[in-house]
Amino acid sequence: GLFVTDYFTRTPRKLSPFRSFASIELFHFHIPEDTVIAVWNLITFKEQGGTFGDQCPDRSITVYFRSGAPSVINPLHTHFPRDTAVPGSFALTLTWTLPNRTTGVFNVTSPLPGDWFLAAHLPKDEGKISVKGLYEECQYLFQPQLIVQRLVNIAVLYPGYITEQSMAPHNRSCLYKVFVPSYTSRVLVEVLQCRGAESCPLWLRVRAKAPPLHNSTALDCREHSPCQLALDLPFWQHWYYVLVEKHPGVPGVISFQVTVQLTDCSRPSLARPPFLPSSASMNMPHSFGSTGGLALGDSPPPADPNGTKHPVPIPATSPASEQCWPVRPTLRNELDTFSVHFYIFFGPNVSVPPDRPAVFVINLLPVLDSGGVLNLELRLNVSSLCGENVTVFGCLNHEVPLTSSDNSSVTCETESMAGFLLSVNATASLSRLRIPYPQTGSWYLSLRSLCATEHGFEPCSNVTAEVYLRAYLSPCINDCGIYGQCKLLRTNNYLYAACECKAGWNGWGCTDNAEAFSYGFQLLSTLLLCLSNVMFVPPVAIAVRSHYLLEAAVYIFTMFFSTFYHACDQPGIVVFCIMEYDVLQFCDFLGSLMSVWVTVIAMARLQPVVLYLLGAMLLSMALQMDRHGLWNLLGPSLFALGIMAIAWTTRTIRRRHCYPPTWKRWAFYLCPGALIAAAAVLLYTFVETEENYFYIHSIWHLLIAGSVGFLLPPRAKSSGRLGPLPRRKGCGYQLCVNEQEELGLVDPAVASINSICTS
């Protein structure tokens with residue numbers, strides 16, 4: 001056949017250490033139909049400060065692959081919530097081959113068409129809290145590229161028609177495909193009239209959705225005559241690929257015929273005639289009547305397709321296992337993103353008769369619905385059982401319903417299909433199932449009622465069980481509980497949701513409490529972070545005693561907002577917020593920096609109010625730009641220190657003596673205060689981690705407040721008694737004005753002129 005190569009790439013992204021699924025990088029690809037091979041080229045490189053990070057340590061990178069939906073990963077081996085089904089995925093770990101670059105290759109032969117998702121992350125780190133901008137951070141960038149090779153013009157088999165084929169000596173195989181519509185219970189592929197060699201040296205392989213592999217369903221035509229391969233319960237609305245492969249070492253030309261027969265399960269006594277505009281193509285079972293009143297036997301014979309012969313007679317088969325039942329649709333009601341309810345007509349209470357199953361379909365939209373959680377809930381109405389020991393089994397299968405009539409079977413799996421089993425009875429009347437990141441398409445739920453006996457399960461007699469059925473799509477499992485936050489994430493045009501846990505809780509739904517903080521620990525950490533701000537009371541008292549009223553007001557502002565910010569910033573349930581979190585954070589950061597600013601300006605003994613206003617404006621601007629940036633916060637502080645240094649240098653030169661002049665001021669106040677402040681900065685910058693945050697940051701509060709008490713200068717000494725005010729002269733007179741009024745000590749309304757003196 002003719003091969004066509006397609007190439008896809010994605011923009012490099014920075015990887016993060018794994019903490020939850022919200023910290024991974026997700027990449028979305030689409031593989032076209034008829035693809036025979038897909039090659040992912042996984043490029044990873046390091047960067048540090050805008051250049052190649054040759055000095056960065058090697059950190060392993062884990063990449064996950066999954067078809068149809070994002071991978072449900074669990075690298076930390078945490079517990080999943082109850083009733084949660086975990087779909088499988090493939091993982092690959094990349095190792096470094098060069099100091100700053102590595103490349104990995106992942107090949108998939110005959111991949112499933114449609115959406116593919118790659119998830120990548122770094123290993124979990126120690127949780128160190130680093131100051132942004134303090135040093136150049138090592139960045140690990142990941143870029144996946146996809147190369148696909150697909151076949152074009154694959155021969156199409158028409159059900160009921162014979163296709164002739166001759167295989168030349170240099171050819172090893174021939175590939176075909178046939179479309180399987182809804183309500184098809186069986187696919188029968190047969191190789192006829194094999195000529196050119198003894199005993200038909202051919203392999204017959206069949207696979208759904210993609211070309212067959214070496215481990216696909218296969219049949220050796222040398223050992224089976226006739227060479228027929230039957231597939232029960234095929235996937236609906238999909239292509240099936242048929243590969244006829246020659247045994248190695250067989251010379252000469254081999255000719256054969258291939259035919260495919262599809263069994264219509266809505267009328268098992270008849271096979272599906274070719275090109276019939278049946279109700280199956282309208283997604284409606286024949287039990288509801290044929291489209292346009294045309295019966296199966298009344299279909300006009302179609303024209304012969306190119307390359308095929310007349311249809312062959314198809315024997316009528318009617319085993320009970322090939323019978324299917326009407327599929328009841330559900331009504332889709334979209335409330336919000338990943339918030340969809342599926343309502344059942346004449347529901348939500350469903351009657352399950354004893355003689356046949358009740359089948360429902362849930363349609364998940366491509367791409368849009370795969371980023372949430374599919375939830376299913378069954379609740380049995382015990383009063384409807386009439387005292388019988390009835391168990392209602394539910395099978396949830398993807399793309400085809402499992403409605404086997406074998407009463408002894410209570411599984412939802414076949415050789416080619418796996419499903420999810422739910423069961424309710426009088427003892428356990430409630431059953432739930434959660435599927436994170438479900439594959440899109442049609443999900444079929446089949447409900448059957450069986451009675452438990454000494455010999456196993458048998459059909460019930462005259463007991464119709466009533467079940468409450470609820471199906472819905474949600475962003476996260478139980479909204480991540482009280483110790484998690486459900487986040488809506490986006491990668492390019494794809495949306496998905498994930499939980500971000502806190503207070504030591506882990507897991508997909510934040511339900512794993514192996515490392516969780518106890519209530520006492522949460523209360524202790526909150527009290528330490530809040531009550532440590534009481535250390536600002538002594539600096540406030542010192543500032544008031546020294547007549548630094550503006551500085552005292554700033555310290556009170558800092559103490560108040562730091563206390564309530566940390567009360568609101570707690571990860572657990574010991575949380576108290578008096579304002580919005582963003583407002584409290586801004587005020588806390590502003591108060592902390594303003595405390596440094598006014599303390600340094602007071603040490604410089606500069607009193608103009610313009611400096612305080614300038615500091616407030618500069619710090620507000622810096623915090624609005626980046627609250628965690630190093631230089632945005634350090635710049636105004638260094639500017640204040642520069643002003644203080646200039647003021648002290650000017651006084652030293654003017655007085656010809658070191659300023660401050662006394663050694664006691666240096667030994668007992670300035671040096672201890674500077675050392676305490678330096679220790680606080682070192683703790684905050686290099687020691688603080690997520691694990692020790694609550695007590696290291698509390699120590700930071702104590703040290704910073706203590707340093708302010710040491711560094712705040714004493715009250716300035718009075719320069720002497722005020723002299724008499726100059727007399728204001730009027731026109732020909734000298735006015736003797738009350739001096740107390742000029743000093744603002746009496747009310748001007750009651751002030752009187754003492755005397756009027758002639759000049």
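Helices (H or I, at least four residues) and strands (E, at least two) are DSSP runs, numbered from the N terminus. Glu690 lies in the loop between two such helices, H7 and H8 (693–711). The structure is a predicted model, in which local features need pLDDT of at least 70, side-chain atom pairs count only at pLDDT 80 or more, and totals for chains, interfaces and linings use all residues. Residues are numbered from 1 along each chain as its sequence is written, and side-chain values use heavy atoms, with hydrogens and water left out.

**Helix H7 and the annotated spans**

- Helix H7 covers residues 663–687, and its 25 residues should span 36 Å at 1.5 Å a residue. The expected span of a helix is 1.5 Å times one less than its number of residues. The end C-alpha atoms of H7 are 33 Å apart, which agrees.
- H7 bends by about 30° at Leu670, and the proline Pro672 follows within four residues. The bend at a residue is the angle between axes fitted to the seven residues ending there and the seven starting there.
- Arg665, Leu670, Gly673, Ala677, Ala680, Leu683 and Thr685 are the buried residues of H7. Buried means under 20% relative accessible area, exposed over 50%, and partly exposed in between (1.4 Å probe, protein chains only).
- An unreviewed UniProt entry places the feature "transmembrane region" at residues 516–536, 548–567, 631–654, 666–687 and 693–712. UniProt positions are given in the numbering used here, feature names are shortened, and annotations may be inferred rather than shown by experiment.
- Residues 548–567 are 95% helix and 0% strand, with end C-alpha atoms 29 Å apart.
- For residues 693–712, the chain is 95% helix and 0% strand, and the end C-alpha atoms lie 28 Å apart.

**Glu690 and its partner Arg19**

- Glu690 forms a salt bridge with Arg19, and the closest N and O atoms are 2.9 Å apart. A salt bridge is a side-chain nitrogen of Lys or Arg within 4 Å of a carboxyl oxygen of Asp or Glu.
- This pair links distant parts of the chain, 671 residues apart: Glu690 is in the loop between H7 and H8, and Arg19 is in the loop between strand E2 (13–14) and strand E3 (25–31).
- Glu690 is partly exposed because its relative accessible area is 42%, whereas Arg19, at 51%, is exposed.
- Glu690 and Glu126 are 564 residues apart in sequence, yet their C-alpha atoms are 8.4 Å apart in space.

**Further salt bridges**

- Side chains of opposite charge can pair when their charged atoms come close.
- The count of salt bridges comes to 18.
- Asp34 and Lys177 meet through their side chains in a salt bridge of 3.3 Å, N to O. Asp34 lies in the loop between E3 and strand E4 (35–48) and Lys177 in strand E13 (residues 173–180), so the pair ties together parts that are 143 residues apart in sequence.
- Both partners are buried: Asp34 has a relative accessible area of 12%, and Lys177 has one of 9%.
- Asp369 and Arg332 form a salt bridge of 2.8 Å, N to O, between their side chains. Asp369 lies in the loop between strand E24 (358–364) and strand E25 (373–380) and Arg332 in strand E21 (residues 330–336), so this pair ties together parts that are 37 residues apart in sequence.
- Asp369 counts as buried because its relative accessibility is 3%, while Arg332, at 25%, counts as partly exposed.

**Other buried residues**

- Arg207 is found in strand E15 (residues 202–208).
- Arg207 is buried yet has no salt bridge, and Asp34, the nearest side chain of opposite charge, is 11 Å away. Lys and Arg count as positive and Asp and Glu as negative, while His and the chain ends are not counted.
- Ser384 lies in the loop between E25 and strand E26 (390–398). Its relative accessibility is 16%, so Ser384 counts as buried.
- Val361 has its place in strand E24 and is buried, with a relative accessible area of 9%. Val361 and Pro401 are 40 residues apart in sequence and 8.6 Å apart in space, C-alpha to C-alpha.
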